Amino acid sequence: MGIANETARLDAAVAALEPLGLATCELAIVLGSGLKDFGAKLDARRSVAFAEVPHWPAPKVEGHGGELVVGEVGGKRIACLTGRVHLYEGWSPTEAVRAVRTLRRAGIERFLLTNAAGGLQESMQAGDLMAIEDHLNLTGSSPLLGPHEPALGPRFPDQSQVWDAELRGRLFRVDGKLKCGVYAGLLGPSYETPAEVRMLASLGAGAVGMSTVHEAIALNAMGAHLAGISLISNLAAGMSAGPLDHREVIEAGEQAARRMEALVRGLCANLP
Ligand code: HPA
């Protein structure tokens, strides 16, 4: 990997996406498991498959889409990534954040990162939505590894306010029933053991999943404003009876999608 290689890849992707007018989008949304259908609901939309964007990795996992959709919600222009790639599929952290870094480099300042996650708070139930107030990167890796590329942020970025309190406040004004907590990002692809779930809860995590933290690290370093929502698709292992099933994760996503949609529409209507 030579100096500034990743910056050059991002610039090639930004150039290819020029006709979509990303710079005028007021928000970019990453749609997690079961939420990707929101992309089809944008007005005046134009889309491009991840596979058609130079250097973008294309998702493979069941239940995840793979398009960049640009369009309008309530008159506001937004960009949606209908799915993402994960480290457990074998992608590197740099590859996993390439799409969001491209959108940031194209000029988008605000991001809403969504995911499906296991709930760790006693009061949670499947179908709850949790606003992310902070995260634990427990993947043992980072998208900032390697030679420093100034276009991607400082060598040692501050992380004292990764998740924007002001944007989060807007989410709470739209949906007063939101839970709030810390998202723990693990490598996966196995779900956690009950002992790991107890450990995560004792560390103060409110939800656990296999995505999002690297995107947050990369976007924070590039000076973006971030909000995050975890759709609690299940209680984490050992907190309810029975084993965890990927279908359960997808089904809870479908059920909570309407609430999530209302939240996103409300956020778009209430952007600063
Ligand atoms: N653990 C990790 N990732 C997840 C879970 C979980 O319980 N549910 C959905 N994604």
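**Close-up 1. Glu-261, which counts as buried at 16% relative accessibility, in a salt bridge with Arg-265.** In this predicted model, the side chains of Glu-261 and Arg-265 come together with an N to O distance of 3.3 Å. Both residues belong to helix H7, which spans residues 246-269, and they stand four residues apart, about one turn of the helix. Glu-261 is classed as buried because its 16% falls under the 20% cut-off, whereas Arg-265, with a relative accessible area of 35%, is partly exposed. Elsewhere, salt bridges that share partners link Glu-6, Arg-9 and Arg-98 into one network, part of which is the subject of the next view.

**Close-up 2. The salt bridge between Glu-6 and Arg-9 in helix H1.** The side chains of Glu-6 and Arg-9 meet at 2.7 Å, taken from N to O. Helix H1 covers residues 5-16, and because the two residues are three positions apart within this helix, about one helical turn separates them. Glu-6 counts as buried, with a relative accessibility of 1%, while Arg-9 is partly exposed at 23%.

**Close-up 3. The salt bridge between Glu-215 and Arg-84.** The closest N and O atoms of this pair are 2.7 Å apart. Glu-215 is found in helix H6 (residues 213-221) and Arg-84 in the loop between strand E4 (76-81) and helix H2 (93-96), so the contact ties together parts that lie 131 residues apart in sequence. Both Glu-215 and Arg-84 are buried. A search of the whole structure finds nine salt bridges, among them the Glu-215 to Arg-84 pair shown here.

Note on methods:
Residues are numbered from 1 along each chain as its sequence is written. This is a predicted model: local features need pLDDT of at least 70, side-chain atom pairs count only at pLDDT 80 or more; totals for chains, interfaces and linings use all residues. Side-chain values use heavy atoms; hydrogens and water are left out. A salt bridge is a side-chain nitrogen of Lys or Arg within 4 Å of a carboxyl oxygen of Asp or Glu. Buried means under 20% relative accessible area, exposed over 50%, partly exposed in between (1.4 Å probe, protein chains only).
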